Amino acid sequence: MAQPIFQTLWKTGVVFLGALTAAAYLVLAERKFAGYFQERYGPNRVGPFGLLQPLADAVKLLLKEEVIFPQASRGLYLAAPVIIGVAALLPLAVIPFSEHFYIADLPVAVLYLLAVGSLSTYGVLLGGWSSNSKYALLGGLRSAAQMVSYEIAMALALVGVALMAQSLSLVKIVQAQQSLWFLIPQILGFVVFLIAAFAETNRLPFDLPEAESELVAGYHTEYSAFKFAMFFVGEYIHLFIVGCLVTVLYLGGWYGPWKPGPHWFFLKTFLVLFFMIWVRWTYPRFRFDQLMRFSWKVLIPVALLNLLLTSLWMAL
Amino acid sequence: MGEYVPLGIYTVVTVLLALLLMGVAIILRKRGPTRPDKYTNYECGELPEGTARIRFHAGYYLVALVFILFDVEALFLFPWAISLRALGWFAFIEMTLFVLILFLGWIYAYKKGALEWM
């Protein structure tokens with residue numbers, strides 16, 4: 001059922017504000033949790049408990065001096081952060097936050113997610129290449145190879161979910177989980193999806209594209225001011241989306257032990273995100289050859305096995 | 001088609017928002033005298049050595065090639081997945097054969113060392 005245009009517009013506004021706030025406070029949450037994991041305080045100067053820190057950061061990044069390198073390929077160099085920002089926001093269009101709150105309930109939402117999800121690879125690769133810097137180029141290349149490798153594992157895990165729900169619409173997928181979350185029948189697929197999600201969001205233990213100790217900052221080494229902020233915010237919006245997706249696909253979306261509603265959705269999303277932050281501050285980084293080998297030799301066969309078992313179960 | 005109109009509106013607004021944010025940053029940013037050495041690439045404080053258009057590992061191409069094969073495979077799986085209940089055992093056996101053939105391809109790539117990163 002289609003919505004009137006004004007309804008789409010206010011929902012779009014709410015989603016944007018929500019996503020940007022979520023991204024800003026994810027940064028703060030990450031720094032705060034990192035602080036506590038490492039027995040320090042984390043940011044606590046701006047506002048109570050550092051709660052205004054994201055605002056201060058945003059203002060600072062907006063007012064920073066603009067540095068565009070003469071040796072950079074200007075057009076692509078400026079386009080890359082915009083591509084990253086757009087690609088990060090697009091998947092939100094199909095995520096059902098509750099039974100009625102979503103922008104579009106596409107019948108092919110899962111395919112849409114995969115398609116838009118791979119757009120950010122362009123941003124990263126273009127950003128890395130057009131800066132005309134060795135670190136950025138290496139970071140961009142690594143990132144492209146990594147995202148592409150883990151995308152297959154992710155897609156194969158998603159086929160399992162599509163099999164269970166017999167639909168590609170995210171709303172229908174959640175509705176199919178009313179009695180049993182897909183986490184249980186799709187446990188293999190869930191593990192594959194979660195691991196691939198870490199790689200897709202370039203987070204530890206798979207943050208090779210921006211391995212500080214070897215590549216300075218990877219593909220955004222040469223970016224400063226608000227162009228850097230676009231990469232940074234894009235990354236955290238991506239993280240937020242992964243949290244939402246795990247909730248929608250495996251943890252039953254808006255359903256809970258009693259009275260379904262968006263609060264269950266956000267509670268689960270927060271738990272998934274906390275888990276991802278927790279992992280980041282617990283594990284060291286993989287080597288690049290280990291990373292590639294893991295995707296091709298472990299995740300993809302496991303995802304295929306999961307597919308076989310699920311289809312056997314469904315055909316029975 | 002009903003669901004694609006909101007999606008289209010959302011996409012347009014997204015692009016506008018990204019451009020707007022960049023535009024605001026351009027208006028607000030600090031201007032003034034600057035140091036010329038800010039405009040060199042970062043190479044740990046040294047002057048940049050040689051060109052940044054370096055040769056890179058051929059393994060990246062290999063990964064891209066194998067990726068295309070498996071990505072197309074995954075795409076073929078989706079329409080099958082959502083109609084498995086309707087098609088029954090026939091579809092199951094068909095797709096198992098398809099996946100097995102692709103798995104042979106995977107074994108071939110494995111044996112050839114295409115999945116090995118040097």
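Biologist: Thanks! Which residues are linked in a network of salt bridges?

Modeller: Arg287(A), Asp289(A) and Arg293(A) are joined in that network. A salt bridge here is a side-chain nitrogen of Lys or Arg within 4 Å of a carboxyl oxygen of Asp or Glu. Before we go on, this is a predicted model, where local features need pLDDT of at least 70, side-chain atom pairs count only at pLDDT 80 or more, and totals for chains, interfaces and linings use all residues. Residues are numbered from 1 along each chain as its sequence is written, chains are lettered from A and ligands numbered from 1 in the order in which they are written, and side-chain values use heavy atoms, with hydrogens and water left out.

Biologist: Good to know. How far apart are the closest N and O atoms of Asp289(A) and Arg287(A)?

Modeller: They are 3.0 Å apart in that salt bridge. For Asp289(A) with Arg293(A), the closest N and O atoms are 3.5 Å apart.

Biologist: And where do Asp289(A) and Arg293(A) sit?

Modeller: Both are in helix α12 (residues 288–315) of chain A, and because they are four residues apart there, about one helical turn separates them. Helices (H or I, at least four residues) and strands (E, at least two) are DSSP runs, numbered from the N terminus.

Biologist: Is Asp289(A) buried or exposed?

Modeller: Asp289(A) is buried, with a relative accessible area of 16%, while Arg293(A) is partly exposed at 32%. Buried means under 20% relative accessible area, exposed over 50%, and partly exposed in between, using a 1.4 Å probe and protein chains only.

Biologist: How many salt bridges does the structure hold over all chains?

Modeller: Four. One of them pairs Arg280(A) with Glu30(A), with 2.9 Å between the closest N and O atoms. That pair links distant parts of the chain, 250 residues apart: Arg280(A) is in helix α11 (residues 262–280) and Glu30(A) is in helix α1 (residues 5–37), both of chain A. Glu30(A) is buried at 3% relative accessible area, and Arg280(A) is partly exposed at 21%.

Biologist: Switching to chain B, how many helices and strands has it?

Modeller: Chain B has four helices and zero strands.

Biologist: Why do you call chain B more spread out than a compact globule?

Modeller: Because its radius of gyration is 25 Å, well over the 13 Å that the globule rule gives for 118 residues. The radius is taken over C-alpha atoms, and the rule is 2.2 Å times the number of residues to the power 0.38. Along the principal axes, the C-alpha atoms of chain B fill a box of roughly 75 × 50 × 15 Å.

Biologist: What share of chain B is buried?

Modeller: Buried residues make up 32% of its 118 residues.
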